[in-house]
Amino acid sequence: MNRMKIIISCCLLMAVGKYARCQDIDIRAVVKDSVTNIPLADVTIAVVGSRSSVKTEHTGRFLIVANERDSLRINHIGYVERTIACSKLIGGDKFILLTPSSFQIEGVEVLNTGYQKISRDLSTGSVDVVDEEVLSRVVSPSLLDRLENTSSGLLFNRGDASESDPFLIRGRSTITADAAPLIVLDDFPFEGSIDLINPNDIASVTILKDAAAASIWGARAANGVIVITTKQGTKGKTAVTFNSTVTASGKPDLENVSLMNSSEMVEWERFLYQSGRFDGAKNALTIADRWSPIPEVIEILIADQSDKEKRLEELKQRNVLQDIERAFYRQRLDQQYNLGINGNSGGYNYALNTGYDRSLSNLVAESSERISIRMQNSYRFNKKANISLGVLFNERAQENGRNNGLLTDFGDGLSPYAKLIDERGNGLPYYGFYRQGFVDTVGRGLLQDWDFIPVDEINRHTDKMRDRDVIVNSGLNVGIMKGLTVDVKYQFQGNWVKTSLARGEDSFEARNISNMFSQIDYGQQRAQSPIPTGGTIQFSDVQMHSHQGRAQLNFETAVGKDSRLNALLGYEIRSKVTKGHSSFHYGYNERYSAINANVDMFNRYPTLLHNYEMLVPQGNNFISKMTDNFISYFANASYALGKRFVFSGSARKDEANLFGVETNMKGTPLWSLGAVWNLAEEPFLQRDWISRVSLRASYGANGNISRIASAQTRAAIYAGGQTHSNMTAIIQRPPNRDLKWEKVKMMNLGLDFSLFDHRLSGSVDYYVKDAVDLLAETPTDPTMGFSSIYTNTANMQVKGLDLSIQSKNIARELLWETNFFYSFSRNQLKRYLMEASNIGRSYVINLNTISPIIGQPLYGAYSFHWAGLDAQDGAPLGIVDGMESRDYTAIYNGTLLSDMNYHGPTQPVHYGAIRNTFSWRNISLSFNVSYKFGYYFRTPTVYNAGLMYGWQGHGDYALRWQKPGDENHTYVPSMIYPAVANRDNFYRYASVHIHRADNIRLEDINVGYTFTNLQKGPLHSLKLFLYCRDLHIHWSKNDKGVDPFFNNVVKPAPSLSFGIVANL
Amino acid sequence: MKQMLICLLASLVLGACSRNDFLNVSPNQSHIVPTTLEELQALLDRDQVMNGMGSGAARGPVPHLGEASSDDYYYLESNFSSLRPQHQNYYLWSPNPYVGDVVYDWDRVYEAIFYANVALDGLKNLTRSEINSTQFDAIMGSALFHRAHAFYQLAQIFAPPYDKVKAEATPGLPLRLESDFSERIQRVSVEDTYDRIISDLQRASGLLPELPVMKNRPSKVACNALLARVYLVMGDYGAAEKYAGTCLEEYAVLLDYNELDETLAYPFQQINFDNPEIIMVFNMQGASFYSINRTLSAKVPSGLFNLYKEHDLRKEIFFNVGANGIDFKGNYSGNTYYFAGLAIDEIYLIKAECLVRSGKVEEGMELLSTFLTKRCSEEYDYTYLQGLSEQEALEIVLEERRKQLVYRGIRWTDIRRLNQEGAMIEQRRTINGETYFLPANDARYTLPLPEKVLEFRPEWR
């Protein structure tokens, strides 16, 4: 067979050779393993740029005919591909050494599992790698933003759905435990906010999706694992990379929040006034009525002056959104700078990276900064020993004032006709906390000013957050004997998050608390307050220290002629202690950094607002200490049987302080098995156009933990009992020796392919996740002494499909590539023992909380059946016992779950993205289109009862039923006084507000120009690019025109970034 | 931090340096895992759970089902209809009374047992030393006492009356003896149920201080008192006399009712737990069932009321004669809750009964007189006739027993006991013109296990 090939190759070459200037020669050599020195059989030797290829014999020898100026490509599974010039092989039997993939990580696709770096060929798991090029396509300070839409199986929820799960790998497979994937930075889990990580410092991100890939992480792997690999020192000369981006975007779209207009609000409030809603405020007989804020319209109507109609007309012309936009919003400006240097000299590798990010957000007075510095060194003493030492420092600081955008911190909301600034932009008072008449007169000049001027307040609050993170890691790798190395690693991580919420002396909050507690002696013309002068400050501090150590034996060897065994065995210990404290102080003086500790918080004082005495508020004061201790044992092996098969297995056992020693003793190890069959190596698939076809299968179990669970008795201590003052204790959680990790058993079947000379490649994975032993509250035999317990009783199943396809559509001077991702994922609750409510109402109030209904997804959209509006008076009609009904109490409180509408899940079932990349000469263009299908969301609407007490309303008010006939073109009921609570509740949660959330959108566009062949100057290459996102070019399935990503919230304006990447 | 580093490094080298300590650290320090003696004592001092103290219904280890099913009270028909179905069923001795509702009479008693077991299991991880021995023993004794007391209370409701002949073959209570959720609870015979109660009390007696430190805590006196009561229930009058005697040797103070103000809403409210007769406090669980100031009040049958003689102070101290019936106000708790603890008056009566039963009639009647002088007005010289037969004397003692221990959760147990000896006490109630009977020794003197329990353990049906 080989001989045939050689002959054919020779013939072909001779045919070509006729035209060649140089002579064809016989090239002979032996291919060997660079580590074991064993000759390698079946290695493919191909002449670059021709179709000629041969394979080595069992002695590792080969013979190929090639031109002297040609190069040979040497390729073998599990080894790094090499290209060698034929000229180097002339002159008899030379050796070509191939390096096993795991020893040499450059040049082939390498998967970093956090425990080992292995070549994709040897992996049996479902793994995606997102490389630097893809990560740097997106401009964002957040690594997660850059990962969005770059892989299949990764779901980033946006809009309402993000409330339940912002980010998932292959769907949710737990009920009460954490569903977020494990984040690993280089070798160890990263504890802390992922926002700290500088994405410009990342070389690649490996996503471990199935059991075979993730199970090495054992008890924390059930949600999938994201391994972040930072840039390392590389061979070759020193490389310097500088990049910078500047991003700007305009003021956001406030109109996306639906509000009643001023004219509607004025008339509605007039109606409420006439109906007697504000009689209390008018007569002002009680203390509360004297100060409780009422709308400006009502004040005008109560004052009843001759110009009242003129003043009301004036109010109708106003629009508070204009004032908010002008005074509270600004253009956003983000800057990112990053400088990276890496290189090598002798055995010394180094990488140094510094980044600085700064962001001025759309909100006035809100900004953030991040500094990150990383240094990674490694030194190879000789062939046997290597040490490494790295330090990473990240700090993120955030600052904001009293500005949350829409000023939603009022109990009653901001009226659409509120006026916040005058023509010159000066702040005006807004009477949203107290009536003007009250604050103007109560103190008779003896109190501090009690006005609230929203614009002036912005800078009187200073909220600061500082998140500082230090990681120090060190490692030692020693070769003990051929194929056997020992790895010892240690990492310290310290994380300090400090926040301070300062309310200046002149802030409304500080003035308010002082005034409120003031006792006024009108005779003496004196006011006294138990609150010290000055502002207030709330500190909170959380510090985390973690130590992680790992000892690991790596073993690899050739077995027989063409098989290889890779194995590792290790032990790991981890301890994380998190301490927090929080304290509140009065009398804060920013200038002198002073506080006043002499505040009486034990005696009650009269206030100007109540007819009873109150304690001075104490703020938030606490200390806490949490400890997470883990000990783990793990092993992993893969065996490549020739070129056709790879088998792998892994096992891990974790022990934690959550469960106590006794429980850990009984813990079952988590494990996985996997296999790959390279079909392309089979004779029946030997086709020119097939480069790779392989089938993967894996099965295994991963774990997940919940902080709520504890194997030991947990109690809370109280200072006294009912009849005595000795210490007493209540048992909060009973002891449960049988408590164990939640377990997710995952089956994965995958197909990888690469066709037409790698023009079309991709993978398909089908998986079933059976989550068992999930922790949930469960009824027990009351003989136990308690009637329910939080224990391992619930089951869930997730089924899904991941598809990713890369295609080089055009590969000439114009290059056109398409990356297509599609995922399907559906979860279903299988077993849940606590009796779930059968009353429908329990499931509608928040669609993004768990609905534990067997056979359904965890998050579902439920609603009341809708029977339209009554033609007589515009009242909403529901269904009771199959009949139209206006018995709102029966509808709202009595409708059974089985009589509700179930629309579908509130998280996407089908999702993915298509990215197209074009390049022509030095110009490149790419854009990403994402899609999410098969889910539902609810749009808010006008709320009658809310209109009676709140001042904001909803734009649906304009569509309300007003006269017979309106019921034919609107579903908004008539607005009545007094409001009927259950009429409102039924309407708000009725089926008319549930819509399909399916959508497709253009996520972003990136256009770049690269200068190459820069002959003069130090620059190696220079790339300039423009990047656009939040373009709001989308298709949404619902007919209301609502973008489900921005459901009645402020919508950001499109942003444009300019970036530069320079390589020295 | 240094320590941690050292531990880490050592762990890496040795593999298991102080592994147990490392894995036993509390994940959250604000939530304690009760381990120290103080913390274990704090569990047993949780008087809501262990003694049924505090406001609100249905707490504590003394069920109200016995009292609810006995003849010391009746409901006005108008009140009966507004009772929850479960309580209507209790009143009419329905064979399946629970209608799927929570049965606090079971759940809360086992809750107290659970607390006691947590304390007992906690002690297993501590070492008794010379320094802590008093506290250590007191906690162990208290936990054993509480558990035995709770089993005793359950046995009066959910286990058949003790019958020496059948006791070994009759199913008794499920005995929960550990704290962990993984315990496979065994249901044992009536004989084994009482064996467990007695042996735990005897062990506790050797560990506890003679007199109570606080009245929510057990003592040696309380052990002897409860042992006397348990043996009486079992019909072992010799042993009952012995323990009642030991108890009275240790403590025998009676309260002179002449010192009380009978016009108070609750005449015992002034002295409360300082009532010298109280050995240990327990309040009975209660739901709809309660006294005077509640709308759904239980009324005292005139037959019972008329048993109290003219000069008997209890007639006015215990009762309030109202327009629509007689109400009980003589709770030793000093408030609306029925006292169901241990008090020395009961011990006098136990000893007197046992003396009479063993033929020592004179001695018994003399003890009874000592007791009764504190119950009758000073001007009245209370002495019983001389030369009574054993039977006559027994009848007198039993009537005094009923009159003193009214609404203390004892009547039901007494009916069960006395009927077994042939007393033929038949209970009857009339509602809406229909009369309901509970004949002597009826199967309904043992209440069924709660449905919720049987769902988990169908083999206990």
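Domain bounds, as used in this tour, come from an automatic or database domain assignment. The structure on display is a predicted model.

**Domains of chain A**

Begin by selecting residues 21-99 of chain A, which make up domain 1. Between the C-alpha centres of domain 1 and domain 2 of chain A the distance is 87 Å.

Focus now on strand 2 (residues 44-47) and strand 5 (residues 71-75) of chain A, an antiparallel pair joined by four bridges. To see one pairing in detail, select Val47(A) together with Leu72(A), its bridge partner in strand 5 of chain A.

**Helix 8**

Move to residues 296-303 of chain A, which form helix 8, and highlight Glu296(A), Val297(A), Ile300(A) and Leu301(A), which are buried. Looking down the axis of helix 8 of chain A, one finds the buried residues within an arc of 140°, so they line one face of the helix. An α-helix has 3.6 residues a turn, so residues three or four places apart point the same way. Just beyond helix 8 of chain A, select Asp304(A), whose phi is positive, at about 55°.

**Helix 17**

Continue to helix 17 (residues 981-988) of chain A, which is mostly covered, with six of its eight residues buried. Those to select are Arg983(A), Asp984(A), Asn985(A), Phe986(A), Tyr987(A) and Arg988(A). Their packing partners in chain A are strand 42 (878-880), helix 15 (888-894) and helix 16 (944-949).

**Where chain A meets chain B**

Finally, display both chains: 54 residues of chain A are in contact with 55 residues of chain B. Elements of chain A that each supply at least two residues to this side include strand 26 (535-559), strand 27 (563-589), helix 14 (660-666) and strand 39 (788-811). Strand 31 of chain A gives the most, with seven residues. Coloured by class, the side of chain A that touches chain B shows 21 nonpolar, 25 polar and eight charged residues.

Notes:
Residues are numbered from 1 along each chain as its sequence is written. Chains are lettered from A and ligands numbered from 1 in the order in which they are written. This is a predicted model: local features need pLDDT of at least 70, side-chain atom pairs count only at pLDDT 80 or more; totals for chains, interfaces and linings use all residues. Two residues are in contact if their C-beta atoms, placed from the backbone, lie within 7 Å. Ala, Val, Leu, Ile, Met, Phe, Trp, Tyr, Cys and Pro count as nonpolar, Asp, Glu, Lys and Arg as charged, and the others, Gly among them, as polar. Two strands pair if DSSP finds at least two bridges between them. A residue is buried if 20 or more other C-beta atoms lie within 10 Å of its own, exposed if 12 or fewer, and partly exposed in between; C-beta atoms are placed from the backbone. The arc is that of the directions from the helix axis to the C-beta atoms.
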